[in-house]
Amino acid sequence: MVYGLETMVTFALAIVSFVIVLSAQIQLTSTYKESKQKKNKRGLTGCEVAREILDKNELSDIYVVEVAGELSDHYDPSRKVVRLSRDIFHGESIAAMAVAAHECGHALQDKENYTLMRIRATLVPFVNLVTYLGYFGLIISLFAGVIGYLKLSIAVLMVVLIFQLITLPIEFDASRRALKQLEDLSLSDKEEKPLTERMLKAAAMTYVASLISLVIDLLRLVLMLQDRER
């Protein structure tokens, strides 16, 4: 009876985790679609917005380049490059403006040696290694059994959890910097601000949802491990 109850709980947790991530993704997609259809009043492309923010902050040495994919935008601190997806790079929408400014927010963090960003950069090789080892979980389970597999999975998720706990404030801070730059440089006006904030908040919520989902998955594995060890 207890085993049946714990099985139901772990299954329910898996469903909750899926729903949380899906809801955040739907919200982002919906907000992105809305803000993508509205042209920013200055008619600037995402590339032009990024370039102006970078140049005004004495970061002219950072390149802004186009990359494939949708919402694949990111800042590469190792190569000092802001990479924007096609629609963001060429688009003149509020979405393009918001996303480009957000990635420049990361460039500003890099310039100021933002502590959490430095910590995350230091952890990246270790997290990649641990995640890579996690792919061998099936092989490990052949020797260590299901309990060994569960313990490995929990260890991997713990490392990823720490990494995401550091990443979350970095993303919120980048959005805060983005909004400030858009306002200080007069790249956006008061009428555009609410939708810009919603776009940035929706993007940030995907990180929040991912973190919550990770905690739930971790709890689910712990319950499964406790059940197996009885």
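Tutor: Contact here means heavy atoms within 4.5 Å. The model is predicted.

Student: What makes helix 2 and helix 4 a contact pair?

Tutor: Gly46, Val49, Ala50, Ile53 and Leu54 in helix 2 meet Ala96, Met97, Ala100, Ala101, Cys104 and Ala107 in helix 4. The two axes come within 8 Å and cross at roughly 35 degrees. The crossing is right-handed.

Student: How many residues of the contact of helix 2 with helix 4 are nonpolar, polar and charged?

Tutor: The division is 10 nonpolar, one polar and no charged. Gly counts as polar.

Student: What makes a set of residues a nonpolar core?

Tutor: Its members are buried and joined through side-chain atoms within 4.5 Å. Buried means under 20% relative accessible area. The largest such core has 39 residues, and Val49, Leu54, Val64 and Leu84 have the most contacts inside it. Helix 4 gives the largest share, 11 residues.

Student: Which residues does Val64 touch?

Tutor: Beyond four places away in sequence, Val64 touches Cys47, Ala50, Arg51, Leu54, Val82, Leu84 and Phe89.

Student: How do you know that strand 2 and strand 3 pair?

Tutor: Pairing needs at least two bridges. Three bridges join strand 2 to strand 3, and the two run antiparallel. Tyr75 stands opposite Val82 in strand 3.

Student: Why do strand 1 and strand 2 stand at the edges?

Tutor: The order is 1-3-2 in an open sheet of three strands. Strand 1 (63-67) and strand 2 (74-76) each have a single partner strand, so one side of each lacks a neighbour in the sheet.

Student: Where does helix 4 lie?

Tutor: Helix 4 lies across strand 2 and strand 3, at about 25 degrees to strand 2.

Note on methods:
Residues numbered from 1 in each chain as written. Predicted model: local features only at pLDDT ≥ 70, side-chain atom pairs only at ≥ 80, totals over all residues. Heavy atoms only, no water. Buried < 20%, exposed > 50% of the residue type's maximum accessible area, 1.4 Å probe, protein only. Helix = DSSP H or I, 4+ residues; strand = E, 2+ residues; numbered from the N terminus. Axes fitted to C-alpha atoms, helices over the stretch in contact; angles between N-to-C directions. Left-handed = near helix turned anticlockwise from the far one by under 90°.
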